[in-house]
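Here are my notes on the two-chain model you sent over.

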Amino acid sequence: MKFLTLILLTFSLFLPAFAEDADAARAPRKVLKAVGEIPVLFNGRVMPLDSFARLHLLQFSGRKSYQGESAISWMGRLLFVPESTEDDAVFLINHPEVLTAIGVENFQMLPGERKPSTRRFSYHHLMPGVMKLEEIARRAQAMQDADPEALKSKEYLVEREALRVYVNVLTYRALGQVFAFARPLEDLRLESPEIREALKVQLGEDTFSYLELGKRISGLAPLMIEAQAQEDPTQWTEAQQDAFTLAQMMFMFQQNLSELPLTMLPEAPHGESIWIAPMDGLSSPDGDQALVNAAERSGAMALAWAAGDWDEVANDAKMITEFSRSRMKHVRETGLTGKEAQFNRANYFVRAKVFYIFGFFIALAALLSGNRILRLAAWVPVSIALVLHLSGLAWRIYLTARPPVTNLYGTFLFVGLICLLLALLVESFQKNGLGLFAGSFVALTFLFIADRFAAEGDTMHKVVAVLASNFWLSTHVLAVTTGYAGVWFAGVFGHIWLVLKMLGKDKKTLETVRLPMEGLLGFGLTFAFLGTMLGGVWADQSWGRFWGWDPKENGALLIVLWTAVVYHARVAGLIRDVGTAVGTVVGCIMVMVAWLGVNLLGVGLHSYGFTTAMATGFYGFIGFELVFILICLTVILVQEKAVKAS
Amino acid sequence: MKKLMMFASIRLTVFCLFWLTVLTFWGTVYQVDHGIYEAQHRFFDSYIFFVGILPLPGAMLVMTLLFINLLFSFFVHYQAGWRMPGLMLIHIGLMMMLLGGFFTKLTGIEATVSLFEGEGRNAAVSRTEWEISYSNELHAVQAYQAVDLSDLRKGREFSFRDSELTFKVLENYEHAKGLQAVELEETLEVTPSNSAGFVALEELDRLKTPEEHTPGVRLQVEGAKGIQEIVLTPRDQRPLGLELEDGSGRFIMLRRKRYELPLFMVLNDFSRSYYPGTETPEDYRSLITVHLGEDIERDVIIKMNEPFRINGWTFFQQSFAVTDNSEMSVFAVTRNFGRLVPYWATGITSVGLAMHFLQMQWMQLKRRRKKA
């Protein structure tokens, strides 16, 4: 009982932490909320600036926040006060050889500079090596252009990494320039009295922004017309020369700052979805005054952020959001940016993971002690985790208007949930804590694996034309992934059975594991078969052939065939309990081969990108399972021999 | 009778399923270096394949065995098997699936039609199969005969209906290139005729993508004036003319196998759209006019996941190509009268599986309650 009290007390300590806002931001929370809801177009879909910020910070640093600061807060600083981020260690460099190659390995820290983390470095830190980085990256890009497979070789690891880091540095720089048009620029210092008079500059106004000067630039027209009347430019007065220099600088600014990566203003009032960066909105060729106003308002927002005028920032952000929504009524996502930002802030899956951890340990304690109260207590965190997990998936379905299985990330979330539901079903029959223990462990593992896929980019991206069918996604993909869940979870019980057998547990205990194991295998076989064949039906509908021996089709078929082999071998008496348990463990390997392994092959209609780290993880998993089987079989054989001998 | 009973053995089922698992895995990994076509050819479409000198059963043989095994099991084990309705449904469904697959393999047609905007066709061409066409006219649209290249083994003699000419296959390569006289080191005793000037063939290694194969065939001809041998390749610029003794001409050429369609289709417009700011396709579709007879025509849209079906034929939006002046839409065309068999088989087997496992779980629970 004391143990239970201790667990619940520890558990309750974590609750206030969730009540706190995760965004320990520099700007107030309501400002970040307003700014985070601004719709932007990125990777073909309209998303809130909050998601844009998370994706970019993830791309740069591999993390969704920076040292406790939320992504939107950090992105706000990068966009509106870029110099404040120059010492932030956000550039992830996986291979230290890149630092050596660009000559910044022994970079001396400046007084007051933060000590760099071992793998993440600041822009300031990388600055001295950027020229060299560009040189390596350009060579790598040329190689990749000539042969897309060239950089995949291990010997070009540094080049590949340098190219990735260089792209991040360029993106970082470009994002820092998005609102440069609104900031006073030293280069636009007006000293000539004639120019100051022509532009009606007040005393004390020394530096100007592109935006301010753009509004007054027409004042230079008399000086320039006068100058153009003279054929020989050497005869121009100093004021006339200054006027031309200033006009030229304005032109260069416009050229350099156009088409920057933050496309947050919809250009066309109706019809096509054309989104442009704020700077480009200032020079609307069609005289679109509403667009120009919105662009100016975004500039005002940048200045207000820099000045800490948070009310102004929030008002400007809301106005820009309203402007985009009123223009893009026909694009569903534009109206959902607030909801998506809310979903991002809720961190359902992170919270679910914490509760799964609690559930796992309490269920483990219940299993080991046989304590009924502990077992009942384990239901609490696991149920909360289930609600959070389910809510997160429901949000994703609502936001994307698609079944939750459009990419590998989504499939891990979904399979984790199905495994948990199966576990709760088992638990409701067995009432021994085993279902809660195994279910929370598997759901937790799959949420962690999903995180690895989330690091690859937008998890709610648009699907390609051939996949854009909600009917088939919600029949074939849901069925086949439910099959994965069944076979996988049977394998988990297979692992538990083998471990218990090695520990010499009695037959009664083993039976409590064997029965759900076989039931789950049947469940998995049914859904894997249905899903695989529905995939054939989809292929027939889309490509005109039911079966083409494509690797992904074959992967799914492997699960079906292997599960059928285990069943029939059992019925035929070729294997018994040990063989069945080993068969379910091999079933786990089959599931991983179908789920991830076939993507490694890089052939067929279903081949997706695959990172080296994931490939290593995949082979590691197979190696682990094979060693596990070998150890189990050896120990069990030795035990049986010993029993026979005695 | 006892010997026949071995076909109903569950051990045979285990062997078939296990060997299919092995073949599926092997064939999948094999695709990395050899491509899908080669893997399919070697493992899945074969009855026997060789590893060195060791013959091993291919998937066709194993699936035939499995079908026989299912059939025998059905009659031997489930005569009074209404206690196990799920199991019966599973076996019926699987037999239907195997039969359907076999029927599709024998009778199904897979071809493509490529159309530029404004262009029309009434025939589809195979992506991988070739034929030798033979006609009395140079530009024969309808009046031609054809023989499949895959049927022409070395040494085989053949002729066309009402034809005075006979042919004998001297060489037939799945993938080859034509050689001109200047490329040969030796002088030929007989110089074959060819419209592109090729006089010999050089066999090439097969590619991972069989649709890119360029076959070649050398034939001995009897009955043609002044011509003893001919070489045919896809690079020939026009049909090869053969003059008969009476002075009339016959025309022969190697081309992709052609299938007559039950309609004439014209591509009016091809359109595509991408997600804004990306190159990810959101949708692509073709507006075609279908002429079904002298006076019957109608417009249809073929797009991804929404094919057009008519008289057992199905037209799918497959891909497209863009040139400077025009856009070309490519349609996959299939004819498969057994198309719905796997659909039914899937439904029956899935229901059977669900019934069987629910029944098993129910029985297990009952047993446990009894024990308790």
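1. Overall, chain B averages 88, with 97% of the residues scoring at least 70.

2. Some housekeeping. This is a predicted model, where local features need pLDDT of at least 70 and side-chain atom pairs count only at pLDDT 80 or more, while totals for chains, interfaces and linings use all residues. Residues are numbered from 1 along each chain as its sequence is written, chains are lettered from A in the order in which they are written, and side-chain values use heavy atoms, leaving out hydrogens and water.

3. Chain A has a mean pLDDT of 86, and 91% of its residues reach 70 or more. Watch residues 1–25 of chain A, where the pLDDT is below 50, although this stretch has 29 contacts beyond near neighbours in sequence; contact means heavy atoms within 4.5 Å. Residues 604–610 of chain A are also below 50, with 15 such contacts. Where pLDDT is low, the predicted coordinates should not be read in detail.

4. On the overall build, chain A has 25 helices and ten strands, and its C-alpha trace spans about 115 × 60 × 55 Å along the principal axes. Of its 646 residues, 54% count as buried, meaning under 20% relative accessible area (1.4 Å probe, protein chains only). Among contacts between residues at least 6 apart in the sequence of chain A, 71% join residues at least 24 apart.

5. The largest nonpolar core has 142 residues, and among those touching the most other members are A:Trp488, A:Leu498 and A:Trp595. Helix H21 (residues 470–502) of chain A gives the most to this core, with 18 residues. A core here is a set of buried Ala, Val, Leu, Ile, Met, Phe, Trp, Tyr and Cys residues joined through side-chain atoms within 4.5 Å. Beyond four places in sequence, A:Leu498 touches residues including A:Val578, A:Phe628 and A:Ile636.

6. Have a look at A:Glu340, in helix H16 (residues 337–346) of chain A. This glutamate counts as buried because its relative accessible area is 5%. Its side chain makes a polar contact with that of A:Ser51, at 2.6 Å; the rule asks for a pair of N or O atoms within 3.5 Å, one able to donate a hydrogen and the other to accept it, and residues adjacent in sequence count only if both atoms are side-chain atoms. Its contacts beyond four places in sequence also include A:Arg45 and A:Met460.

7. Now the interface. Chain B and chain A bury about 4,500 Å² between them, 71% of it on carbon and sulfur atoms; that is the accessible area (1.4 Å probe) lost on being put together, summed over both. B:Tyr275, B:Asn305 and B:Phe357 supply 13% of the area that chain B buries against chain A, more than any other three residues. The contact takes 48 residues from chain B and 54 from chain A.

8. How many salt bridges are there between chain B and chain A? The count is one: A:Asp540 with B:Arg339, the closest N and O atoms being 2.9 Å apart. The criterion is a side-chain nitrogen of Lys or Arg within 4 Å of a carboxyl oxygen of Asp or Glu. H2(B) gives the most to the side of chain B that touches chain A, with 16 residues.

How values were computed
Helices (H or I, at least four residues) and strands (E, at least two) are DSSP runs, numbered from the N terminus. Buried means under 20% relative accessible area, exposed over 50%, partly exposed in between (1.4 Å probe, protein chains only). pLDDT is the predictor's confidence in each residue, from 0 to 100. Buried area is the accessible area (1.4 Å probe) that two parts lose on being put together, summed over both.
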